[in-house]
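Please read this note with the model open.

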Amino acid sequence: MVRHLIVFNTEASEEGVRAMFEQARAVLGQIPGVVGFELGKALGEAPRYRYLLVVDFAHEGVISLYRDHPLHQAFANAVFRPMAPDRLTTDFVRLYPEGA
(Lines give C-alpha, C1' and ligand atoms only; values in the text may rest on other atoms or scores of the structure.)
Protein backbone atom coordinates (compact mmCIF):
# COMPACT_ATOMS: atom_id res chain seq x y z
CA MET A 1 0.00 0.00 0.00
CA VAL A 2 1.06 3.58 -0.70
CA ARG A 3 0.01 6.53 1.43
CA HIS A 4 -0.45 9.83 -0.42
CA LEU A 5 0.00 12.47 2.29
CA ILE A 6 -0.94 16.13 2.04
CA VAL A 7 -0.28 18.48 4.95
CA PHE A 8 -1.97 21.83 4.48
CA ASN A 9 -3.20 25.09 5.90
CA THR A 10 -6.42 26.81 4.99
CA GLU A 11 -8.52 29.80 5.95
CA ALA A 12 -11.62 27.58 5.76
CA SER A 13 -13.44 26.62 8.93
CA GLU A 14 -13.06 23.13 10.34
CA GLU A 15 -16.57 22.40 9.07
CA GLY A 16 -15.44 23.53 5.61
CA VAL A 17 -12.44 21.21 5.79
CA ARG A 18 -14.68 18.30 6.80
CA ALA A 19 -17.05 19.06 3.92
CA MET A 20 -14.08 19.08 1.51
CA PHE A 21 -12.97 15.72 2.95
CA GLU A 22 -16.40 14.16 2.40
CA GLN A 23 -16.38 15.46 -1.17
CA ALA A 24 -12.88 14.06 -1.68
CA ARG A 25 -14.01 10.62 -0.48
CA ALA A 26 -17.03 10.67 -2.77
CA VAL A 27 -15.18 11.87 -5.87
CA LEU A 28 -11.65 10.47 -5.51
CA GLY A 29 -12.92 7.16 -4.16
CA GLN A 30 -14.17 6.41 -7.68
CA ILE A 31 -10.60 6.28 -9.02
CA PRO A 32 -9.40 2.68 -9.46
CA GLY A 33 -6.82 1.71 -6.84
CA VAL A 34 -7.84 4.33 -4.27
CA VAL A 35 -8.58 2.27 -1.17
CA GLY A 36 -8.93 4.65 1.78
CA PHE A 37 -9.00 8.15 3.23
CA GLU A 38 -8.16 9.87 6.50
CA LEU A 39 -8.34 13.43 7.75
CA GLY A 40 -6.34 14.67 10.71
CA LYS A 41 -5.83 17.89 12.65
CA ALA A 42 -2.50 18.86 14.20
CA LEU A 43 -2.07 19.13 17.94
CA GLY A 44 -0.13 21.87 19.66
CA GLU A 45 -0.28 25.62 19.79
CA ALA A 46 1.52 26.56 16.58
CA PRO A 47 1.95 23.65 14.17
CA ARG A 48 3.51 24.45 10.79
CA TYR A 49 0.60 22.69 9.07
CA ARG A 50 -2.85 22.36 10.62
CA TYR A 51 -4.40 19.52 8.63
CA LEU A 52 -3.44 16.17 7.12
CA LEU A 53 -5.26 14.49 4.25
CA VAL A 54 -4.30 10.87 3.54
CA VAL A 55 -5.34 9.00 0.41
CA ASP A 56 -4.35 5.33 0.39
CA PHE A 57 -3.45 3.61 -2.88
CA ALA A 58 -3.47 -0.15 -3.43
CA HIS A 59 0.04 -0.09 -4.94
CA GLU A 60 2.66 2.22 -6.46
CA GLY A 61 1.15 1.99 -9.94
CA VAL A 62 -1.85 3.97 -8.74
CA ILE A 63 0.27 7.12 -8.17
CA SER A 64 0.44 8.16 -11.82
CA LEU A 65 -3.11 6.97 -12.56
CA TYR A 66 -4.41 9.10 -9.68
CA ARG A 67 -2.30 12.15 -10.53
CA ASP A 68 -3.50 12.23 -14.15
CA HIS A 69 -7.07 11.02 -13.61
CA PRO A 70 -9.74 13.55 -14.73
CA LEU A 71 -11.65 13.20 -11.44
CA HIS A 72 -8.53 14.06 -9.44
CA GLN A 73 -7.58 16.93 -11.73
CA ALA A 74 -11.07 18.45 -11.54
CA PHE A 75 -11.33 18.07 -7.76
CA ALA A 76 -7.82 19.37 -7.13
CA ASN A 77 -8.22 22.40 -9.41
CA ALA A 78 -11.75 23.38 -8.42
CA VAL A 79 -11.88 22.44 -4.73
CA PHE A 80 -8.67 21.45 -2.98
CA ARG A 81 -5.98 23.77 -4.37
CA PRO A 82 -8.07 26.94 -3.94
CA MET A 83 -8.87 25.88 -0.36
CA ALA A 84 -5.31 24.86 0.53
CA PRO A 85 -2.72 27.01 -1.26
CA ASP A 86 -0.16 26.28 1.50
CA ARG A 87 0.51 22.54 1.26
CA LEU A 88 3.10 19.79 0.94
CA THR A 89 2.44 16.48 -0.78
CA THR A 90 4.40 13.24 -0.90
CA ASP A 91 3.86 9.50 -1.27
CA PHE A 92 5.12 6.88 1.17
CA VAL A 93 5.41 3.12 1.02
CA ARG A 94 5.81 1.10 4.21
CA LEU A 95 9.34 -0.17 4.81
CA TYR A 96 9.01 -1.61 8.28
CA PRO A 97 7.53 -3.72 9.66
CA GLU A 98 7.46 -5.74 6.48
CA GLY A 99 4.08 -7.10 5.47
CA ALA A 100 2.24 -5.16 8.14
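The numbered points below take these topics in turn.

1. Basis. This is a predicted model, in which local features need pLDDT of at least 70 and side-chain atom pairs count only at pLDDT 80 or more, while totals for chains, interfaces and linings use all residues. Residues are numbered from 1 along each chain as its sequence is written, and side-chain values use heavy atoms, with hydrogens and water left out.

2. Largest pocket. Its volume is about 230 Å³. A pocket here is an open set of points on a 1 Å grid over the protein atoms alone, where a 1.4 Å probe fits, with protein on both sides within 12 Å along at least five of seven lines. The volume is the space filled by probe spheres set on the points, which are joined across faces, edges and corners.

3. Pocket lining. The lining has 15 residues, and H4, I6, H72, R81 and T89 lie nearest the centre of the pocket; a lining residue has an atom within 4 Å of a point. Two or more residues each come from β1 (2-9), α2 (62-68), α3 (70-83) and β4 (86-93), and α3 gives the largest share, five residues. Helices (H or I, at least four residues) and strands (E, at least two) are DSSP runs numbered from the N terminus. By type, the lining holds eight nonpolar, three polar and four charged residues. Asp, Glu, Lys and Arg count as charged, Ala, Val, Leu, Ile, Met, Phe, Trp, Tyr, Cys and Pro as nonpolar, and the others, Gly among them, as polar.

4. The whole structure has seven salt bridges (a side-chain nitrogen of Lys or Arg within 4 Å of a carboxyl oxygen of Asp or Glu). One of them pairs E14 with R18 at 2.8 Å, N to O. These two residues are four apart in helix α1 (residues 14-28), so about one helical turn separates them. E14 is partly exposed at 27% relative accessibility, whereas R18 is exposed at 52% (buried is under 20%, exposed over 50%, partly exposed in between, with a 1.4 Å probe and protein chains only). R25 and E22 also form a salt bridge, with their closest N and O atoms 3.2 Å apart. Both lie in helix α1, three residues apart. R25 is partly exposed at 40%, and E22 is partly exposed at 42%.

5. Other salt bridges. D68 and R67 are joined by a salt bridge, the closest N and O atoms being 3.4 Å apart. R67 has a relative accessible area of 45% and is partly exposed. Salt bridges with shared partners link R3, E38 and D56 into one network.
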